[in-house]
Amino acid sequence: TWIDKGRPHITLKAASSLDGKIATRTGASQWITGPAARQRVHRMRDRHDAVMVGIGTVLADDPQLTARFPGARNPIRVVVDSSLRIRIDCALSERGSEAPLWIATTVRADAAKRAQLAGHDFVEILTCPETLDGRVDLTALMKTLGGREVTTLFSEAGGRLTQGLLDARLVDRALLFVAPMLIGGRQAAGILDGAGVAALEEAPRLKDVDVTRVGPDLLIEGDVDYSCSPD
């Protein structure tokens, strides 16, 4: 992918209940999946050049995005934050990991906040083109990451960023952990958050699908096929 398209190969990871929820209506999300699934995620981080989330995930969960097991290699942490809402004192900005933190934002981001974050020697601000609705242009961001020799990217994003990646046809492989629980609720967040497709024929599908038991959870994984979707 990096050679052919000039961007990293993107693996999407999501963890949900049986009804596709990634949090309750109050925002509680830790933990939907069990310890075995979470340990598998740490090993996946170790195998990728970079791991990416959106600012919504950072504000809600305050993750470290490190690979926490003996001998692990921490990936570059990438946060998509169009308005630079990230907190200065969040877990990502602490010096507990040697892994770089790259924050993808737009030109309209607050200059004082930008300078304050850039004061950390392991933090870098990536100023990206923006879409018509003021968000980071994900296709442009992926080209930027590819130009920095990021060949593999592990996305642990929430529903909105995940939907954006799929809409831009940037996701190459999907790993979906499904926990045997039912959360329910119209206000509970789901794996995807956006307009979605209008017809089933437009929906991306997984091919070469594998289903694996991981502790009490299921891992469904496969390559994303957009060929059913109209160009």
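**Exercise 1. The overall fold**

Count the helices and strands in the protein, then decide how its radius of gyration compares with the globule rule.

*Solution.* 
Step 1. This predicted model holds six helices and nine strands.
Step 2. The radius of gyration is 17 Å, close to the 17 Å that the globule rule gives for 231 residues, so the protein is as compact as a globular protein of that length.
Step 3. Along its principal axes, the C-alpha trace spans about 45 × 40 × 35 Å.
Step 4. Of the 231 residues, 47% count as buried.
Step 5. Residues 24 or more positions apart account for 72% of them.

**Exercise 2. Surface and charge**

Find how much of the accessible surface belongs to carbon and sulfur atoms, and how far apart the mean positions of the positive and negative charges are.

*Solution.* 
Step 1. The accessible surface comes to about 11,600 Å². Carbon and sulfur atoms own 51% of that area.
Step 2. The protein has 29 positive and 30 negative charges. Their mean positions are 4 Å apart.

**Exercise 3. A residue in a strand**

Is Val224 buried or exposed, and which residues does Val224 touch?

*Solution.* 
Step 1. Locate the residue. Val224 sits in strand E9, residues 217-225.
Step 2. Apply the cut-off: buried means under 20% relative accessible area. Val224 has 13% relative accessibility, so Val224 counts as buried.
Step 3. List the contacts, leaving out residues up to four places away in sequence. Val224 touches Val171, Asp172, Arg173, Ala174, Pro204, Arg205 and Leu206.
Step 4. Take one of these partners, Val171. Val171 and Val224 are 53 residues apart in sequence, yet 6.7 Å apart in space, C-alpha to C-alpha.

**Exercise 4. Charged residues without a salt bridge**

Which side chain of opposite charge is nearest to Asp46, and which is nearest to Arg114?

*Solution.* 
Step 1. Side chains of opposite charge can pair when their charged atoms come close.
Step 2. Recall the cut-off: a salt bridge needs the nitrogen within 4 Å of the carboxyl oxygen.
Step 3. Start with Asp46, in helix H2 (residues 35-46). Its nearest side chain of opposite charge is Arg73, 4.7 Å away. Asp46 is buried and has no salt bridge.
Step 4. Check its surroundings. Beyond four places in sequence, Asp46 touches Ala67, Phe69, Ala72 and Arg73.
Step 5. Turn to Arg114, in helix H4 (residues 111-118). Here the nearest opposite charge is on Asp110, 8.1 Å away. Arg114 is also buried without a salt bridge.
Step 6. Arg114 has contacts beyond four places in sequence, including Leu84, Thr105, Ile125 and Thr127.

**Exercise 5. Salt bridges**

How many salt bridges are there, and which parts of the chain does the pair Arg45 and Glu156 link?

*Solution.* 
Step 1. The count comes to ten salt bridges.
Step 2. Arg45 and Glu156 form one of them, at 2.7 Å from N to O. Arg45 is in helix H2, and Glu156 is in the loop between strand E6 and helix H6. This pair links distant parts of the chain, 111 residues apart. Both residues are buried.
Step 3. Arg108 pairs with Glu130, with the closest N and O atoms 3.5 Å apart. Each lies in a loop, and the pair ties together parts that are 22 residues apart in sequence. Arg108 is partly exposed at 44%, and Glu130 is partly exposed at 36%.
Step 4. Asp133 bridges to Arg135 at 3.6 Å. Asp133 is exposed, at 55%, whereas Arg135 is partly exposed, at 37%.
Step 5. Look for shared partners. Salt bridges join Lys13, Arg45 and Glu156 into one network.

Conventions
Residues are numbered from 1 along each chain as its sequence is written. This is a predicted model: local features need pLDDT of at least 70, side-chain atom pairs count only at pLDDT 80 or more; totals for chains, interfaces and linings use all residues. Side-chain values use heavy atoms; hydrogens and water are left out. Helices (H or I, at least four residues) and strands (E, at least two) are DSSP runs, numbered from the N terminus. Buried means under 20% relative accessible area, exposed over 50%, partly exposed in between (1.4 Å probe, protein chains only). Lys and Arg count as positive and Asp and Glu as negative; His and the chain ends are not counted. Contact means heavy atoms within 4.5 Å. The radius of gyration is taken over C-alpha atoms; the globule rule is 2.2 Å times the number of residues to the power 0.38. Accessible areas come from the Shrake-Rupley method with a 1.4 Å probe; for residues, only the protein chains shown count as cover. The place of a charge is taken as NZ of Lys, CZ of Arg, CG of Asp or CD of Glu.
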